[in-house]
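Me: I would like to go through a structure with you, one part at a time. Could you show it first?

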Amino acid sequence: MSDVATRKGFRDNAALGNNGANSVNTRALSPIEAYRANFRHQPAGPEWLQSLRAQGMDRFEALGFPTTKNEDWHFTSVAPIAERMFHVARTSEAGISSEGSTAGIVARADLERFTFGQPAWHTLVFVNGEFSPDLSSCAGAGEKVRVNSLAKAVRSGIGRPERHLGKIAAFNRHAFTALNTAFIQDGALVELQADAVVDQPIHLIFVSEGEGEAVSHPRNLIVAAQNSRATIIESYVSIRDNCYFTNAVTEISLGEGARVDHYKIQRESEKAFHVGTTQIRQERDSQLHSFSFAVGGSLARTNIYTSLAGAAASCTLNGLYLADGVQHIDNQTVIEHIAPNCPSHEVYKGVLDGRSHGVFNGKVYVHPEAQKTDGKQSNNNLLLSPTARVDTKPQLEIFADDVKCTHGATVGRLDEVAMFYLNSRGIGRETARILLTYAFAADVLETIELQSMKEELEKMVLSRFAGSGT
Amino acid sequence: MGPNGSGKSTLAQVLAGNPSYQVTQGTVTYDGQNLLELDPEVRAQNGIFLAFQYPVEIPGVSNAYFLRSAYNEIRKAKGMEEVDPLEFLDLVEEKLKLVDMDESMLSRSVNQGFSGGEKKRNEIFQMAVLAPRLAILDETDSGLDIDALRIVAQGVNTLRSPENATIVVTHYQRLLNYIVPDFVHVLSNGRIVKSGGKELALELEEKGYDWLQNVDAGAGAAA
């Protein structure tokens, strides 16, 4: 927090005129100033959006990039992001004011390996944060369901996203969420009317592609009215091994009795930076089933924050992260028990190889009114090399007196007794290592209800382990 | 046979190649090869099998996958083609009956949640599928009730043939009512102190291991 004043100072001293991008000498700018410059030059939108973005920008400048002194970022230094001058990734110059054209940048065939071989799914593709109608197929989700690009919804006023946008994701507290809010352009808008049931999953694919160090700020909004039901998948991918920065925010509003199964599949380039926040608000009897799968990025952080605001709302937050080489993969979850009688279950597993660094920070916060809370949280890690590292911090903060909460974390290596057992049956060390590592990871994949997703992730995990030596 | 701490399990582990044991002297010759120079998986591929005293639980790996991998590794080592899951299923069906286990066990994780008896039967089932030339049963009778003991013994007896050998490690004569040995060797302090036929086991049962403290170790080389 101590650096707030200095960061704010940049803004006042900014060597920025109002004469447009051409006159800006980028060498004289600090990265935060550069964000401000980019902020000024983004395409205009309706007044409410301009105002929301401005609040985001102000807040981002006030907060600055978090440092490791910030408790939530203690094990993750974002210096590699903070020190870089990313330019705003754009596929079409016009941005929010017109339909983007991504023709020629990404071809349908490039996406095949990311679509899980599911042509029947409703697929929305975003290239560098911008919706690509050419690559998407999202018609026929149902009468009570609207699946749209946020930019289009903003332009046309359909669905009135202003009712929810920025209301769930706490940009006042989280710098990256504030930054995303400052640059809201596009993303997915999924609206489920009361009792709507979407049979096929809705798959949002965010492809980063292009030259230079670009940043995109996808912003998604999912509004599930009472008793509606849907499965939403967010995939973050790249076709080439580029260096770029994805700073994504998804807001989910779950009405009474609504259920959303949310999968986040982070498969960014291993040179990329990824910060993704999913923030959810749950009303009475709603159910959230979240699975976070993270394998990509050189520095990646996934936040899943949910508030159990209505009685008997429930959530399952599971995750698997696999890191190798010099990857740094951080997972943070917060479950806020605000209302009584809410169960929350959480299992995160990590497999760290090479010189990678994994982080799990899971907070379960039980408010005084949240009696009869039933919270279970665990985090298990497997270190495959002597130089891999994990920091795990399961946290329980309980202010109610009639609750049942457990949490725990483990860090271990491959079980040598099990290794010998497999060897003694003729299975060599390398195969045994793959088998044991896979087994460790597979049991959290078992919790995935979407069968096709489960099988694809199993394959992905297996091939990843098979490809790396000890 | 031998009293607690005489080195029976150590011998079994060393023969199978457990890396936690370091052999400081001596040799083990198997099929003209120095067994001690081979990695445990190579020993297994050459027909050695250890039925564990405490079979290991491996959550997340199904018995079917585990055993098929083992079976195929051994086939590969012999230059034979691997079998696919369906062929493998046909092959193991009969072996399951031998140890009175249900096919549903194949989809369960290796030994996870198995009772003591089930774990031991699973060891014999694996032995039946992998068809070793030298099987070492390390205290397979410990912790078994009489019915399980019968099933295990019956399995071992069925698999017995002139082409293979079995070393049964036990400290009770009870198992030998069901598995009749050709030879009995008695270990004490890491050495074979007495060898004989099946009647030696009965004599031991009657006189106790104390009796052997006074017996001079004869030619005490390992088998």
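Reply: What follows is a discussion of the two chains and their contacts.

Me: What kind of model is this, and which limits apply?
Reply: It is a predicted model, in which local features need pLDDT of at least 70 and side-chain atom pairs count only at pLDDT 80 or more, while totals for chains, interfaces and linings use all residues. Residues are numbered from 1 along each chain as its sequence is written, chains are lettered from A and ligands numbered from 1 in the order in which they are written, and side-chain values use heavy atoms, with hydrogens and water left out.

Me: How is chain A divided?
Reply: Chain A has domain 1 (4-310) and domain 2 (414-470); the bounds come from an automatic or database domain assignment.

Me: How much area do these two domains bury between them?
Reply: Domain 1 and domain 2 of chain A bury about 1100 Å² between them, and 73% of that lies on carbon and sulfur atoms. Buried area is the accessible area (1.4 Å probe) that two parts lose on being put together, summed over both.

Me: And between chain A and chain B?
Reply: The two chains bury about 1800 Å² between them, with 72% of it on carbon and sulfur atoms. The contact (heavy atoms within 4.5 Å) takes 16 residues from chain A and 31 residues from chain B.

Me: Which residues of chain A lose the most area to chain B?
Reply: They are A:Phe420, A:Tyr421 and A:Arg425, which together make up 43% of what the chain A side buries.

Me: Turning to the sheet of 10 strands in chain A, what is the strand order?
Reply: The order is β3-β2-β6-β9-β11-β13-β15-β17-β19-β21 (chain A), in an open sheet with mixed pairing. Helices (H or I, at least four residues) and strands (E, at least two) are DSSP runs, numbered from the N terminus, and two strands pair if DSSP finds at least two bridges between them.

Me: Which strands stand at the edges?
Reply: Those are β3 (130-131) and β21 (404-412) of chain A; each has a single partner strand, so one side of each is left without a neighbour in the sheet.

Me: How do β13 and β15 of chain A pair?
Reply: Strand β13 (residues 287-294) and strand β15 (residues 314-323) of chain A pair in the parallel sense over eight bridges. Within β15(A), A:Thr316 stands opposite A:His289.

Me: Which strands does α9 of chain A touch?
Reply: Helix α9 (residues 451-467) of chain A packs on the sheet and touches β9 (229-238), β11 (259-267), β13, β15 and β17 of chain A. Its direction makes about 25° with that of β15(A); such axes are lines fitted to C-alpha atoms, for helices over the stretch in contact, and angles run from 0 to 180 degrees between N-to-C directions.

Me: What about α8 of chain A?
Reply: Helix α8 (residues 429-445) of chain A lies across β13, β15, β17 (343-352) and β19 (374-383) of chain A, running at about 155° to β17(A).

Me: Is β12 of chain A mostly covered or mostly open?
Reply: Strand β12 (residues 273-282) of chain A is mostly covered, with nine of its 10 residues buried. Buried means under 20% relative accessible area, exposed over 50%, and partly exposed in between (1.4 Å probe, protein chains only).

Me: What are the partners of β12(A)?
Reply: It runs parallel to strand β10 (residues 244-254) of chain A, joined by 10 bridges, and 10 bridges also join β12(A) to the parallel strand β14 (residues 299-308) of chain A. A:His274 is the bridge partner of A:Thr246, and A:Ser307 that of A:Arg281.

Me: What does A:Thr278 touch?
Reply: A:Thr278 is in strand β12 of chain A and counts as buried at 1% relative accessibility. Not counting residues up to four places away in sequence, A:Thr278 touches A:Glu234, A:Thr250, A:Ile252, A:His262, A:Asn303, A:Ile304 and A:Tyr305.

Me: Now chain B: what is the order of its three-strand sheet?
Reply: The open sheet runs β3-β6-β7 (chain B) with parallel pairing, and the twist averages 15° from one strand to the next.

Me: Is α3 of chain B largely enclosed or largely open?
Reply: 11 of the 15 residues of α3(B) are buried, so the helix is largely enclosed by the rest of the structure. Among them are B:Phe66, B:Leu67 and B:Tyr71.
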